[in-house]
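Dear colleague,

I am passing on the structure we spoke about, together with some notes on what turned up in it. Please have a look at it before reading on.

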Amino acid sequence: MFLTFPIMVIKVNTIENIVVWRWKNLFIVGIGVFLLSFVWRYLIKRKEVGKKKAEAGELVKPPITQRVLKEPKFYIPALIAVAVFAIAFPFVFSMYQTNIMVTALIYVVISLGLNIVVGLAGLLDLGYVAFYAVGAYTYALLNYHFGLGFWTVLPIGAAMGFLFGVLLGFPVLRLRGDYLAIVTLGFGEIIRLILENWNEFSFGPSGIANIPRPGLFGIQMSLHSSIIYLYFLMIGLTLFTIFVVNRLQDSRIGRAWIALREDEIACQAMGIDKTKTKLTAFALGATWAGMGGVVFAAKTTFINPASFTIWESIIILCVVVIGGMGSIIGVIIGALILILLPEYLRAFSEYRMLIFGAVLVVMMVFRPGGIISDVRRIYRFEERETTA
Amino acid sequence: MCGGSTGLKNAKQQHNAMEPILEVKTLTMDFGGLRALDSLDLAVYQNEIVALIGPNGAGKTTFFNCITGLFPPTKGEMLIAPPGKKPTKLNGLKPNIVTANGLARTFQNIRLFPNMTVLENVMIGRHCRLSSGILGAAFRNRATVLEEEKVVEESYAMLKKIGLDAFVNDFAKNLPYGAQRRLEIARAMATDPFLLLLDEPAAGMNLQETRELDELIVRIRDEEGISILLIEHDMKLVMSLSDRIFVVDYGKKIAQGTPAEIQNNPAVIKAYLGEEIDA
Amino acid sequence: MEYFLELFLSGLIRGSIYALIALGYTMVYGIIELINFAHGEIYMIGAFTALIVASVLTMLGWNQIAIILLASVVAVIYSSAYGYTVEKIAYQPLRGAPRLSALISAIGMSLFLQNYVLLAQTSDFMPFPSLIPEFKFMESYEHIISSPEIVILATTTLVMIFLAFLIKFTRMGKAMRATAQDREMAMLVGVDVDRIISFTFIIGSATAALGGVLIASHIGQINFYIGFLAGIKAFVAAVLGGIGSIPGAVVGSLVLGWTESFFTGYVSSDYEDVFAFLFLVFILIFRPSGIMGRAETEKV
C-alpha cells in the first residue's frame, strides 16, 4: 500500500498551471517520500511492539515527563529554573522575542480556559474564539466610546465572556458530542460575521485602531518598557489562571466536570445536575477567553474580525489536545510549543504551515494522549486516614 | 426462609401499619409501538429487600429507568415517601433530583467513571449532598476546605464498609469485575439513599463473590437501614435474599409474593419454562 | 414568481453541490465517528487535478467532451487515492485512541494538504475553464437554468442513486452498514473492517472530487483555500440533516442551499452565513439529532 503513495504525490506536484513541467520536483518528492515511508513504517512497528508489551502486562517504565512531575527532587529545581528564566527573559532577549512571548502567554491563559471546557468537562467547543473576540471588542469599544482603561475593562471583559458563555451555552448544551461542536462553530462564525458586517457597531472589517496599552498608575511608558510591563502582567495573569484552574480541578465542581466527561448518565444518576454543571464549565472557560481577549487588544493596539476566525479556535483546541487534555502543565507546554513553533519556523518561511500540519499529524499518531498524558491527581491523604 | 400463608399474613399486617416508601401505580411505558411496561403496580416498604425478576427483555431495567427519571413514563404514577419526610411525586423529575430525593441506583452494564480513582468515584456520589461552589473552589475558604476533608473521610469510610479500601487510588477501570460492581454500590450508597436500586448486582460474579454480595446487601439493609429493590437473574441469590418478589413478563406483573410462593406459582414456572426454579 | 423560481433553482444547485461533499462527511462519520476535516481538502485536490488535466488536454487540442470526461475520471481517481492515503496515515493508527486526537490529526492533515497545494500551485485564484458544454436543446430555458447547472443536478442525482444502490444492495454496502452499527461485532462475523473503512474513504473522496470538478467549472476559478470553506458548509449541511445518515446529508444540503439562496435573495447577502448558522442552531435545538437523524437513545 505504501507503493502507491509516492507515485501519487509526485504526479500532482509536477505540473504547474499550463506549461511548466517540473521534473525536478518529481524526483525530489519521490526520493523523499520513499525514504520517509521507511521511517514511518519503522516507527509504527515500534509503537505496535510497545503496545503489545503493555498489554502483556510487562512493566512499562512511566514516561520521563511523568517521573519528573512526580518527584519533588526534580520539579522544585525545575520550577525555580523556569521562574528565573521567566523573570530574566525580557531583559535577555530582544523586544521582538518578548512580544512573541506575550502572545504565547495569552494563549496559555485562554488554552487553560478551553481546557476546562474540553479537557475536563469533555465538551467539544469549536467556537471558543468567539469569547476571545468578545473580550477584545469589549475593551476596544468601551475604550473608544467611554475612554475606560485596561484595568477597568479587564474584569468587565471577563464578565462579558462569562455572560456570553451562559447566553450561548444555554440553548446548545443539550446537544451531544459533535452536534455541540458544530453549533459552537456556528456561534463562533456568527459572532465574527456580525463583527464584520455591522459597521455602525464594530467598524466592520477595518477594525478598531489605537487601543491603548495597559497603564500603570498613569505613568508614561516607552514602547519598550510597556512591552516588558505587559510581559510581567501576563506572567501574573498566567500564574493566577494556573492557581485558579488547579484549584477548580480538585474541587467538587471539577470532579463533577470530569465525571460528566466520563459518563453522562451515571453522572446524573449520582445526583449531578447535568445542565448546570455543563454551563458552569462553558461559562468559566469563556471567562478566561474574555480576559485573554482584553489583553490581546491591549497588546496589538489594533483589532479586526480577521483575528478571530475559526482557525484561531482550532489552534487553541490543538494546544489543549496536543498538550494533553486535562493536564495543566501539558497545556502550558502545548501552548508554548504550538505558538512559538510557527514563529521560529519563520526560517522556513513558506514551509512552516506545511510542517505545522505534519507535526500535528505525527504528534497525534505517535502520542495520541498528548505530550503529558496519564498525569492524574492522586489523593494522597488516604495514608493518613488508614493510620487514623 | 419463612413460607406459607402465615408469613404472608404477617407481612401484610405489618405493611398495613405503614405507608410504602416507594409506590408505583399503573406504570406504562411505550417505545414507539412496543409496550415495555404495561400498567405495573409495585410497592416497597421500609427495611425490605424486594426483588424484581423476569425473563430477559421483560422490562425490568426500563422500570428502573422510569423511576430514576431517565425515561418519562407514558402513563402511571410514581410516589416516594422517605421515612420521616413528606411524600413526593417522582413523575417529571430529572434524574439528579430523583437521586437528591434519596433514590440511588446501579447499572446493569457497569457505568463507573473509568478514568477516575475509586475514591473519586465515591466522592462523586457525595456530590449532591455538598454545597461548595465555584468561588469556594477557587479561593478555598474555610467552609470549602472543611467540606472537602469531610468528603474524603466519608468516602473512605464508605469504601471500607464495602470492602474496597485496598483500591482507593486505583483507576476504576483497572478494578476486577466483581470489585467494579461493588464500587457501583458504594458510589450509590454515598448519595445517602433511603432506597437502593440494584440492577443485576451479581451478574458476572463467581460463587464466592456472589456470597459476599449476599452478605453485603443484608448488611446494608440491617446496618444502614436502607431498603433495597433489586433486579437479578441468580435465583439462588434472589430466593435467599428477598422478603418479597415481583415477577414481570412482557411488561406485565404476573406474580408477587414471598420466595416460597413464587417458587410454586404456575404462572412463574410457565414464564421461565421451568428453568432455574430449583433454589 | 420568476424571481422565486430563480432562487429556488439556485438553492437547489447550491444544495446539490453541498450534498456531493456532505456525503463524504456523513459516510466517514457514520463508520468511524470522525469529523474528517481533510475532506474539504480532498475536494479541492479533485478540482486541481481536473484543472491540470484539462489544461494539458486543451493544449493538446482534444475535444471538449473527451476533456471533461477524462478530467473528471482522473480527478476522481486521484482524490480517491488521496482519501485512501490520508486515512492510512492519519486515521488508521489512531483507531482506538481518544476521538479528539483523531480530530486533531484530521486538522493537521487538512493544514498539510492546504499548504502543500499552496506551495505547489501558488495562492492565486486560477481560472477554471468552463468544461461543461452548452446544450442546444437548453437554449429556450437558458434564462432560468443553464446547461452546466442541469449537468450538476443530473450528476448529483445519479451519484445519489448509485450510492443508495451501493449501500442497500451490495455486499460491500451491507458490510458498511454493519461496521457503522457495531465495529467489533462486524469484525467478529468476518467483515474486514479496515478494508471497509478504506473503501468508505475512497467512495467519499470520489464524490467529493466530482463535486470539485463541477463546482470549479461552474464558478470558474479555484485556489487552495476553497476546500476549507466548502468543507465547513458541507459539514454544516451533513449535521443539519443528521450526521451519519445518507439521505440526511442530501436533505440537509438542500435545506441549507435553499435557506441561503432565499435569504440572500429576499433579505440581505451580508448576513447570509450568519443566517445559515442561526438556522442550524435553531434546527438542532428542536431536533438535536438533525432533520433525518435518529434520536439516539443510549442503552442503560
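What is the accessible surface of chain A, and which share of it belongs to carbon and sulfur atoms? The surface comes to about 17500 Å², with 70% belonging to those atoms (Shrake-Rupley method, 1.4 Å probe; for residues, only the protein chains shown count as cover).

This is a predicted model, in which local features need pLDDT of at least 70 and side-chain atom pairs count only at pLDDT 80 or more, while totals for chains, interfaces and linings use all residues. Residues are numbered from 1 along each chain as its sequence is written, chains are lettered from A and ligands numbered from 1 in the order in which they are written, and side-chain values use heavy atoms, with hydrogens and water left out.

Across all chains, the whole structure holds 25 salt bridges (a side-chain nitrogen of Lys or Arg within 4 Å of a carboxyl oxygen of Asp or Glu). One of them joins D38(B) and K252(B), at 3.5 Å from N to O, and links strand β2 (residues 34-44) with strand β10 (residues 252-257) of chain B, 214 residues apart (strands are DSSP runs of E, at least two residues, and helices runs of H or I, at least four, numbered from the N terminus). D38(B) counts as buried because its relative accessibility is 18%, whereas K252(B), at 46%, is partly exposed (buried is under 20% relative accessible area, exposed over 50%, partly exposed in between, with a 1.4 Å probe and protein chains only). Both residues belong to a network of salt bridges that also includes D30(B) and R35(B).

Best regards
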